[in-house]
Amino acid sequence: MSQTHLSPTAPRPNLSLATGEKGTHTLPDSIPEESAAATKGPEDAAPAKKTGRFSWLKLDMTRTEWDILIGSTCLKLLLFPAYRSTDFEVHRNWLAITHSLPISKWYYDTTSEWTLDYPPFFAYFEKLLSIPAYFVDPRIVDLNNLNYGAWSVVAYQRATVVVTELVLGAAVLRFIRGAENPAMQRIISASLFLHPGFLIVDHIHFQYNGFMFGILLWSLLMARNDRKLASGFLFAVLLNFKHIYLYLAPAYFVYLLRSYCVSPTYTLLPARFLSLANAVILTFLASLGPFLLMGQLPQLLSRLFPFTRGLNHAYWAPNFWALVTAADRVLLKVVSRGQLGGLSINESGVASTSRGLVGDTVFAVLPTVKPIHTFAITVAFQTIYMGKLWTNTSYKSFVTALTLCGFTSYMFGWHVHEKAILLVLVPLSLLAAESNAYFRTFEIASIAGIYSLFPLLFTPAETVVKIVYSALWVLFVLRPIHRQVYQFPRTVTFVVIDFLERLYLAGFPLLQIFVTLFPLFARRRGAANGSVSEHSDGEESGTSPLEFLPLMVTSVYCAVGLVWAFIRLSVIYLARKD
């Protein structure tokens, strides 16, 4: 279903929380693949001449793109010895499970506490990676060789992240080809490939998000190029790699149904509907089919959807519930002092402290939140956005609705992990240069979201890396976009909002100083009071009530920015008339 291709100079309304002026349009409603070549500018035509430094490789890449790829790869190689989380052992164990056991035992094995809990396509992916792993070092895929940390397994697993992330690199390159504003798209594409979130979560902490977000971006690219069947197929593939992308499924369902399967007169197009349905069904059959035949679907689903965890993760993801949880802690202190006599204290909530341990999270003063509450709120918000998407299925509307779907799930979901912020930041990046309103939302969400990932890395060496790298990313990404789209606020209200947003962003260096210095002062004070155990090697005994204060402050401060960005984006999307 073709869409109107807007001119970059065409007038259009732009409602903003920060400005009432029009922004610069860079995101087309749709670019049919066959017409993509017609939209290329002189800069895009250059790579086709194959005259660059690496022209002998016959790849459609400029010298700058090669420099970014080589420079980022060198940095990732240097990070091989860096800190790695338990996720590293999780994936090593999954290599061992898929290599050592028949498929019938994959989702039953409990040799390690890190059981296989991703969908089958990721299990098949681990199976493929286990084949060369065996030749690199057979001990990597030894099921009983738990917590194996030899250099061979470190180098191999780190290398697989670097190589598979090329799926992301290829996708962002294709976004440049055919873009209305290739120069700005280059900045956005580079910002995605070099995103601090991927460096922190994948290349240090250890996961494969770059690979899977690469599939998501390929799906969005197909939607941009008006190849909606391919877009739906790729998203179905992605769901069978990692089920967290179900957060985005409502936007895909409404967009593909309305723009591909239903005519402008609201008549169902059976041939298209059957084509899309068959593509999705066949994808799920390829993934789940073996387990359906073995009668293991209930066991598989029990691994994918455990509901025995609390409302918050151990480190509160900076969302709406982080603010509610913090408010409950404050109310507990107030009520305990008898300052609010009308409120009672739930004693089980005092001990819970909402740290996301296995079991229910219980509040001390506020009403306890249950999974059904989070589900109802999430569905309610997403329904509003899906109504808007149904009436406007342009590509830009789709990307915005998709971002809001992920944002809503992050804001109000049950037991959300801080790493899920990437579901917001990645698609939001595609909207960053649309207008000043979108950019300011992107700026606040990016800085707060990236900083919220900092607690994943707590060792001194990685602290320097994450701060310096993120600061450079902000400098080289946000400044050029800001210069292109910034419009000075035209009313007193917007001037005040603009000032408060800048004041909030300026608080992050101060927050970092507090997070860095507070543990030192707390440890010194604990030593002076004799509260440090002789057997703790200088570390706190873990009983201090202020032990988790830096994490709580980080979560709450980042949550303020992310909640505001969520409100901002919601208003922008729902208020637009185009």
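In this predicted model, the contact between helix α16 and helix α22 brings F381, I384, Y385, K388 and L389 of α16 against F566, S570, Y573 and L574 of α22. The residues of this contact divide into 7 nonpolar, 1 polar and 1 charged. Helix α16 covers residues 371-391 and helix α22 covers residues 549-575, and their axes, which come within 10 Å, cross at roughly 30 degrees. Because angles under 35 degrees count as roughly parallel, α16 is described as roughly parallel to α22. The handedness of the α16 and α22 crossing is left-handed.

| Helix pair | Axes come within | Crossing angle |
|---|---|---|
| α16 (residues 371-391) and α22 (residues 549-575) | 10 Å | roughly 30 degrees |

Helix α8, residues 196-206, is largely enclosed by the rest of the structure, because 11 of its 11 residues are buried. The buried residues of α8 include the charged D202 as well as H203 and H205, and among the others are P196, F198, L199, I200 and V201.

An unreviewed UniProt entry lists, under "transmembrane region", residues 204-221, 233-253, 273-293, 397-416, 464-482, 503-522 and 548-575. In the model, the chain over residues 204-221 is 89% helix and 0% strand, with its end C-alpha atoms 28 Å apart. Over residues 464-482, the chain is 100% helix and 0% strand, and the end C-alpha atoms lie 26 Å apart.

Taken as a whole, the chain has 22 helices and 0 strands, and buried residues make up 53% of its 578 residues. Of the contacts between residues at least 6 apart in sequence, 77% join residues at least 24 apart.

Key:
Residues are numbered from 1 along each chain as its sequence is written. This is a predicted model: local features need pLDDT of at least 70, side-chain atom pairs count only at pLDDT 80 or more; totals for chains, interfaces and linings use all residues. Side-chain values use heavy atoms; hydrogens and water are left out. Axes are lines fitted to C-alpha atoms, for helices over the stretch in contact, and angles run from 0 to 180 degrees between N-to-C directions. Helices (H or I, at least four residues) and strands (E, at least two) are DSSP runs, numbered from the N terminus. Angles under 35 degrees count as roughly parallel, over 145 as roughly antiparallel, 65 to 115 as roughly perpendicular and the rest as oblique. A crossing is left-handed if the near helix is turned anticlockwise from the far one by less than a right angle, and right-handed if clockwise. Contact means heavy atoms within 4.5 Å. UniProt positions are given in the numbering used here, feature names are shortened, and annotations may be inferred rather than shown by experiment. Buried means under 20% relative accessible area, exposed over 50%, partly exposed in between (1.4 Å probe, protein chains only).
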